[in-house]
Amino acid sequence: MRDLKRRNANTLAIHELTKAGLEVFTPMTQMIMNIGGRKQRRDVPVIQDLLFVHETKAALDPYVQTHPMLQYRFLLGKTVNEPMTVRADVMDRFVFAVNSSQSTIYYKPGELTKSMCGKRVRIVGGVLDSFEGHLLSVKGMRKRRLLIELPTLITAAVEVQPEYIQIVQ
């Protein structure tokens with residue numbers, strides 16, 4: 001879904017949907033903002049208008065109609081009545097990986113180049129056991145990071161301990 005409110009709004013759609021009892025996720029990062037003349041650290045969405053809601057369209061329709069700043073996301077080439085969806089198992093793995101990491105780096109579509117995608121690996125042991133993906137390959141980076149992707153939406157680089165990494169042939 002899309003939240004059309006500004007980043008510095010007092011209440012974001014994620015807060016309103018959570019209060020309504022819906023399961024909502026949006027990738028967040030901390031930012032220092034100047035509020036009322038004072039600098040404060042706030043959690044803000046990485047992509048301003050990106051929300052993931054685990055609910056059916058029929059259950060969300062009444063809420064979308066009453067909140068004009070909330071919209072569905074649609075894929076190009078699809079019908080108007082068919083909003084963008086992410087499979088539940090893929091989303092659960094993404095949320096689990098992001099929440100289990102101390103420091104996560106997010107990449108928007110197009111920010112991640114082929115040269116940044118390193119070797120294909122499998123994680124054996126630890127919190128991210130059985131996860132597969134590519135290692136992030138950035139010059140000068142000492143920490144090992146696994147790329148977890150939601151295709152065409154967002155990619156997260158989560159920190160991985162080197163002893164759990166197994167290279168896939």
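Thr-152 lies in the loop between S10 and S11, where strands are DSSP runs of E of at least two residues and helices are DSSP runs of H or I of at least four, both numbered from the N terminus. Phi of Thr-152 is near 65 degrees, a positive value in a residue other than glycine, and Thr-152 is exposed, with a relative accessible area of 62%; here exposed means over 50% relative accessible area, buried under 20%, and partly exposed in between, with a 1.4 Å probe and protein chains only.

The model is predicted, with local features requiring pLDDT of at least 70 and side-chain atom pairs counted only at pLDDT 80 or more, while totals for chains, interfaces and linings use all residues. Residues are numbered from 1 along each chain as its sequence is written, and side-chain values use heavy atoms, leaving out hydrogens and water.

The turn that holds Thr-152 belongs to a hairpin in which three residues separate S10 from S11. Strand S10 (residues 144-150) runs antiparallel to S11 and is joined to it by seven bridges, two strands being paired if DSSP finds at least two bridges between them. Within this pairing, Glu-149 stands opposite Thr-155. Strand S11 is also joined by four bridges to the antiparallel strand S7 (residues 104-107), and there Ile-105 faces Ala-157. Six of the seven residues of S11 (residues 154-160) are buried, so the strand is largely enclosed by the rest of the structure.

A positive phi, of about 75 degrees, also occurs at Ser-130, which is not a glycine. Ser-130 is situated in the loop between strand S8 (117-123) and strand S9 (132-136), and is partly exposed at a relative accessible area of 45%.

The structure holds four aromatic pairs, a pair being rings of Phe, Tyr or Trp (its six-membered ring) with centres within 6.5 Å, counted as stacked when the planes are under 30 degrees apart, edge-to-face when over 60, and tilted for the rest. Two of these pairs are tabulated.

| Pair | Centre to centre | Angle between planes | Class |
|---|---|---|---|
| Tyr-72 and Phe-74 | 6.4 Å | 65 degrees | edge-to-face |
| Phe-96 and Phe-131 | 6.4 Å | 25 degrees | stacked |

The pair of Phe-96, in helix H3 (residues 88-100), and Phe-131, in the loop between S8 and S9, links distant parts of the chain, 35 residues apart. Phe-131 is buried at 5% relative accessible area, whereas Phe-96 is partly exposed at 42%. The charged end of Arg-93 sits over the ring of Phe-131, 4.0 Å from its centre, a placement that requires NZ of Lys or CZ of Arg within 6 Å of the ring centre and within 35 degrees of the ring normal.
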